[in-house]
Amino acid sequence: MELIEKLNWRYAAKAMNGQKVPQEKVDKILEASRLAPTSSGLQPFEIIVITNQEIKEQIKPHAWNQPQITDCSHLLVFAAWDNYTEERINRMFDLTNEIRGFENEGWENYRQMLLGMYPQRSAEENFTHAAKQAYIGFGAAIIAAAFEEVDSTPMEGFVPEEVDKILNLQEKGLKSVLLLPLGYRDPSNDWLVNLTKIRKPKEDFVTEIN
Ligand SMILES: Cc1cc2nc3c(=O)[nH]c(=O)nc-3n(C[C@H](O)[C@H](O)[C@H](O)COP(=O)(O)O)c2cc1C
């Protein structure tokens with residue numbers, strides 16, 4: 001299947017059958033997310049991968065009791081930095097210098113610019129910015145899952161504060177933003193599986209300026 005065919009095959013699965021997704025496929029999905037671009041390359045989010053059934057059971061009531069939470073194979077939690085700190089910004093710039101093996105004046109000036117800007121902003125503004133980056137990684141994971149012919153359900157339908165408590169995310173300076181159950185569809189229990197995919201027509205979506 002071509003990518004576009006796979007994206008037509010993909011849908012937000014409403015029921016999953018509990019079958020395990022092979023680890024190598026999960027790893028590719030996570031890697032696609034790690035490779036997603038982010039603003040200034042800061043990668044201000046992490047992914048928590050949950051296979052523990054008890055933890056999934058604890059999360060479910062805080063996620064509208066959606067059955068995919070417990071019937072999925074792997075539950076991915078996308079969690080963004082609660083703030084941009086000097087330490088977090090420096091860590092990514094230092095990592096760049098370490099891996100590339102040189103310092104660059106332009107890059108160092110850019111570091112100073114960010115250090116002079118982000119840590120002075122409110123934690124709320126910084127978290128909102130970090131959460132937007134998590135959405136980019138989330139999109140990459142959804143597409144990679146489809147490419148691997150793994151089903152997924154993008155989810156905003158949960159109470160982040162409750163999930164944060166269950167996973168002790170505050171301790172790590174993180175806040176949950178999105179959930180992505182990965183697994184395999186259960187057509188016999190899924191009202192959406194055979195319905196036609198709805199998207200607005202291309203002419204309402206793309207404006208060409210020639
Ligand atoms: C950010 C985001 C949050 C979503 N939250 C939920 C959710 O909590 N539960 C759910 O069943 N579907 C959720 N969806 C799925 C959308 O409703 C679905 O992607 C959209 O209707 C298009 O349908 P399709 O994905 O099947 O093509 C979410 C999708 C996105 C992108």
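Let's start with charge: the protein carries 23 positive and 32 negative side chains, and the centres of the two sets lie 3 Å apart. Here Lys and Arg count as positive and Asp and Glu as negative, with His and the chain ends not counted; each charge is placed at NZ of Lys, CZ of Arg, CG of Asp or CD of Glu.

You are looking at a predicted model, in which local features need pLDDT of at least 70 and side-chain atom pairs count only at pLDDT 80 or more, while totals for chains, interfaces and linings use all residues. Residues are numbered from 1 along each chain as its sequence is written, and side-chain values use heavy atoms, with hydrogens and water left out.

Now for the fold. There are 8 helices and 4 strands, taken as DSSP runs (helices H or I, at least four residues; strands E, at least two) and numbered from the N terminus. In sequence order they give α-α-β-α-α-β-α-α-α-β-α-β. The C-alpha trace spans about 60 × 50 × 30 Å along its principal axes.

Next, take a look at threonine 153, which sits in the loop between strand S3 (151–152) and helix H8 (160–166). Is threonine 153 buried or exposed? Its relative accessibility is 1%, so threonine 153 counts as buried (under 20% relative accessible area; exposed is over 50%, partly exposed in between; 1.4 Å probe, protein chains only). Beyond its neighbours within four places in sequence, threonine 153 is in contact (heavy atoms within 4.5 Å) with Ala12, Ala13, Met16, Gln68, Leu179, Leu180 and Pro181. With alanine 13, a polar atom of the threonine 153 side chain lies 2.7 Å from the backbone oxygen.

Conventions. A polar contact is a pair of N or O atoms within 3.5 Å; within protein, one must be able to donate a hydrogen and the other to accept it, and residues adjacent in sequence count only if both atoms are side-chain atoms.
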